[in-house]
Amino acid sequence: MDVTPLIPADRQVIDAYGPGIFRVSGTLYEGPVLVFPDHTQQWEAGSFAELSVESFSVIRGAQPAVEILLLGSGPKMGLLPSKLRRELREAGIVVDVMETGAACRTYNVLLSEERRVAAALLPV
């Protein structure tokens, strides 16, 4: 039985990730990336500890609006400072922080459910 989620061909699917790289819909990206259902772009982000509300400006301005943001924190899960979480929530963005591998897998599942999801991914 095939349990692969059905995702429309025009969507950005995270195919693979590895040390410092991501493959999204067949295209290789180095370093942090932002993955939206309709496009992927490099993300100007430093380390997890350096993230600020400005780091998420592209996501805050996305159209259609992002309903759920999966934040891949790298090889280990990190805790988002409550002030930053609150600022993002005030902008209408719910953030779910997890290690990057889990964020990649969760993004693909939510994408298959046609949710307004985005992934902000720091490399492992």
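Is Ser55 buried or exposed?

1. Ser55 counts as buried, because its relative accessibility is 17%; buried means under 20% relative accessible area, exposed over 50% and partly exposed in between, with a 1.4 Å probe and protein chains only. The model is predicted: local features need pLDDT of at least 70, side-chain atom pairs count only at pLDDT 80 or more, and totals for chains, interfaces and linings use all residues. Residues are numbered from 1 along each chain as its sequence is written, and side-chain values use heavy atoms, with hydrogens and water left out.

2. Ser55 belongs to the loop between β5 (40-42) and α1 (57-60); helices (H or I, at least four residues) and strands (E, at least two) are DSSP runs numbered from the N terminus. Neighbours within four places in sequence aside, Ser55 is in contact with Trp43 and Glu50, where contact means heavy atoms within 4.5 Å.

3. The structure holds one aromatic pair. Trp43 and Phe56 form this tilted pair, at 5.7 Å centre to centre and 55 degrees between the planes. Rings of Phe, Tyr and Trp (its six-membered ring) pair if their centres lie within 6.5 Å; planes under 30 degrees apart count as stacked, over 60 as edge-to-face and the rest as tilted. Trp43 and Phe56 both lie in the loop between β5 and α1, so the pair ties together parts that are 13 residues apart in sequence. Both Trp43 and Phe56 are buried.
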